[in-house]
Amino acid sequence: MSHIAELHQQLEVMRPALQRFAMLQLRNAVHAEDAVQETLLAVLEKPDSFSGKSSLRTYVIGILKFKIIDFLRAGNREAQLADFAGEDQSDDDIVDHLFEANGHTVEVASAWGAPEASLQQQDFFKTLEICLEKLPAQTARVFMMREWLELSTEEICKELSVSTSNLWVLLYRARLRLRECLELNWFAHTTTKK
């Protein structure tokens, strides 16, 4: 099998995950498909640009990240965020479960081991992706814009037409829910395996 054919096959395997992430950020199937297509085309047009210093997946996701940022900054999308009302129904339950009335945590957070080692594990990213998919769409989108796309607070607020305080509330909620999900679905399993 030629190098190009092998590269094409690897990209096809990655395509569904790329599509899901682009859809989460762009909220429009056509624009998400365009971003993924442009990413794959960029990789295939210059296959020698991939030096192998990182994994192919990391390289392709890096390109997709900039394609998504370009779409967001250029305003090439039509989707609008739905009203945030109703999202906080279960947040009170999460806060009540994790914190006492005086603000202290109910239990000390369990040791998460060596975070650097966990980040290297592909299973961790699969679990993180599942946890992100469980978040309300708007909350997940805001979290990924901030933490993965590394957009500034000002850029996110402008893009989503939200206030700074609303953005911080959404990020807080996202972190609470992700912490709970990762505690239950990743770190609890890794500490029992030892």
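View 1. Helices here are DSSP runs of H or I with at least four residues, numbered from the N terminus. Welcome to a predicted model, in which local features need pLDDT of at least 70 and side-chain atom pairs count only at pLDDT 80 or more, while totals for chains, interfaces and linings use all residues. Residues are numbered from 1 along each chain as its sequence is written, and side-chain values use heavy atoms, with hydrogens and water left out.

**View 2. Helix 3 packs against other helices through its buried residues.** Look along helix 3 for its buried residues, among them Leu56, Val60, Ile61, Ile63 and Leu64. Lys65, Ile68, Ile69, Phe71 and Leu72 are buried too. (Buried means under 20% relative accessible area, exposed over 50%, and partly exposed in between, with a 1.4 Å probe and protein chains only.) The partners of these buried residues are helix 1 (3–26), helix 2 (29–45), helix 7 (137–147) and helix 8 (153–160).

**View 3. Lys65 places its charged end over the ring of Phe66.** The distance from that charged end to the ring centre is 6.0 Å. A charge sits over a ring if NZ of Lys or CZ of Arg is within 6 Å of the ring centre and within 35 degrees of the ring normal.

**View 4. Phe21 and Trp148 form an edge-to-face pair.** The count of aromatic pairs comes to one. The ring centres of Phe21 and Trp148 are 4.2 Å apart and their planes lie at 70 degrees, so the pair is edge-to-face. (Rings of Phe, Tyr and Trp, the last by its six-membered ring, pair if their centres lie within 6.5 Å; planes under 30 degrees apart count as stacked, over 60 as edge-to-face and the rest as tilted.) Phe21 belongs to helix 1 and Trp148 to the loop between helix 7 and helix 8, so the pair ties together parts 127 residues apart in sequence. Phe21 is buried at 13% relative accessibility, whereas Trp148 is partly exposed at 25%.

View 5. Cys131 lies in helix 6 (residues 122–134) and Cys181 in helix 9 (residues 164–192), so the pair ties together parts 50 residues apart in sequence.

Note on methods: Helix = DSSP H or I, 4+ residues; strand = E, 2+ residues; numbered from the N terminus. Contact = heavy atoms within 4.5 Å.
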